[in-house]
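Thanks, everyone. Please have the sequence and the model open.

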Amino acid sequence: MSETRVRADGTVPGRISRVEGTVRIVGAGLLGASIGHALMRAGVDVALADTSRSQLRLAVDYGAGRAAAPGDAPALVVVCVPPDVVADVVEAELRAHPDAVVTDVASVKLQPLRELRERGVDLTRYIGSHPMAGRERGGAISARSDIFVGRPWVICRDGETSARDLALVESLALDLGAVPIEMTPEEHDRSVALVSHVPQVVASLLAARFVPAAAESLELAGQGVRDTTRIAHSAPELWVQILDANAAPVVEVLDALAADLAELSQALRRTDAPGSRRAIAEAIRRGNVGVERLPGKHGQRRHFVSFVVMIDDTAGQLGRLFGDLGELGVNVEDFRLEHSPGAPLGLAEIAVERSILETCVEGLEARGWRIASTDDD
């Protein structure tokens, strides 16, 4: 594979951006700086602004763009600020840059739009959007140019949105490797309540049960509980704003989930009662059906199968495994590594298309790898 050459200014020779002109990014945190990195690599002039001087300097030092200047005339303004100030910043940017299209990347779309409409702001040049991307860690220091690749980018247009302005925001998403999806603000907020906001609440509540737990119990934690609570390490200040702004859709999902939990708890209180075991089995089965509906790699609803390879805890083993998979022509759809503290080996769970499972397993075994299990076992 040839190495991508990056100029001193962070741009990549030969990259052509769909977005033309200067892009002003307000808010140089994780999302703002990540957008800046990706656009800079495509040769776009990125002007960064942030109320925090230290955050702005850090983002500039890391190559996410240059500091915004008074004479800038951006074609596009991307607002990347906390939800409770989105409306204020969008209004200010629309007034300060009368020739620019303004979008934002807040995780809630309806509340800022309502606030702006109540103020009587002309929203002809405003298009709300939201990339479904992020990391557990925030700030410019955690920014990465690739976090949007293959991820949905929701764009909330309305009847006043011109085709030119819509194309500019879609071009931004495409330049970052994201997949543009059109939704209304109401559709967006209901959707993220289900697939983002409630999962955060559930992960946090479950992880909170670890606080009073005995250390001996937590030492038994495996990959399942780590997967379930991975997103629990999130900023409370940000999530208070998100959940407050999208409270009604979140409450609707939480109420339904609470009813399911109550039904399961009742069945577990008397497992010998008629219908109890069926209720337990149905709860698990519905989960099977639901998880199968989640999009797979690149948003395709395809069913993959998994197998588990035992890996010795020595240097270079993962590299050798992926090298062997490459020689076999295997496209890895998903990968997860479980390594218990103190154990002399790890378990690598690899997802592939069902049609190549047998060939893949046989090829690895012929190269000396130990297969712990497959989905067909």
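Predicted model: local features only at pLDDT ≥ 70, side-chain atom pairs only at ≥ 80, totals over all residues.

**Strand pairing, cores and rings**

Residues are numbered from 1 along each chain as its sequence is written, and side-chain values use heavy atoms, with hydrogens and water left out.

Helices (H or I, at least four residues) and strands (E, at least two) are DSSP runs, numbered from the N terminus. On that basis the chain has 13 helices and 12 strands. Its C-alpha trace spans about 70 × 55 × 40 Å along the principal axes.

Back to that pair. β9, residues 304-312, and β11, residues 345-353, run antiparallel and are joined by nine bridges; two strands pair if DSSP finds at least two bridges between them. They belong to an open sheet of four strands, in the order β10-β11-β9-β12, with antiparallel pairing. Which strands stand at the edges? They are β10 (334-338) and β12 (370-374); each has a single partner strand, so one side of each is left without a neighbour in the sheet. On average, neighbouring strands of this sheet are turned by 25° against each other, direction ignored.

Two helices lie across strands of this sheet. Helix α12, residues 317-327, lies across β9, β10 and β11 and runs at about 140° to β9. Helix α13, residues 357-366, lies across β9, β11 and β12, at about 10° to β9. Axes here are lines fitted to C-alpha atoms, for helices over the stretch in contact, and angles run from 0 to 180 degrees between N-to-C directions. Contact means heavy atoms within 4.5 Å.

Arg 320 has its charged end over the ring of Trp 369, 3.9 Å from the ring centre. The rule for that is NZ of Lys or CZ of Arg within 6 Å of the ring centre and within 35 degrees of the ring normal.

Now burial. Buried means under 20% relative accessible area, exposed over 50%, and partly exposed in between, with a 1.4 Å probe and protein chains only. Buried residues make up 37% of the 377 in the chain.

A nonpolar core is a set of buried Ala, Val, Leu, Ile, Met, Phe, Trp, Tyr and Cys residues joined through side-chain atoms within 4.5 Å. The largest has 35 residues, of which Ile 35, Val 78, Trp 153 and Leu 172 touch the most other members. Its largest share, six residues, comes from α1. A second, separate core has 17 residues, including Val 81 and Val 121.

Trp 153 is buried, at 0% relative accessible area, and Phe 148 is likewise buried at 0%. Their ring centres are 5.6 Å apart and their planes are at 45°, so the pair is tilted. Rings of Phe, Tyr and Trp (its six-membered ring) pair if their centres lie within 6.5 Å; planes under 30 degrees apart count as stacked, over 60 as edge-to-face and the rest as tilted.

Last, β5. β4 and β5 pair in the parallel sense over four bridges, and Leu 76 stands opposite Val 101 in β5. Val 101 and Thr 103 point one way from β5, Val 102 and Asp 104 the other way, and all are buried.
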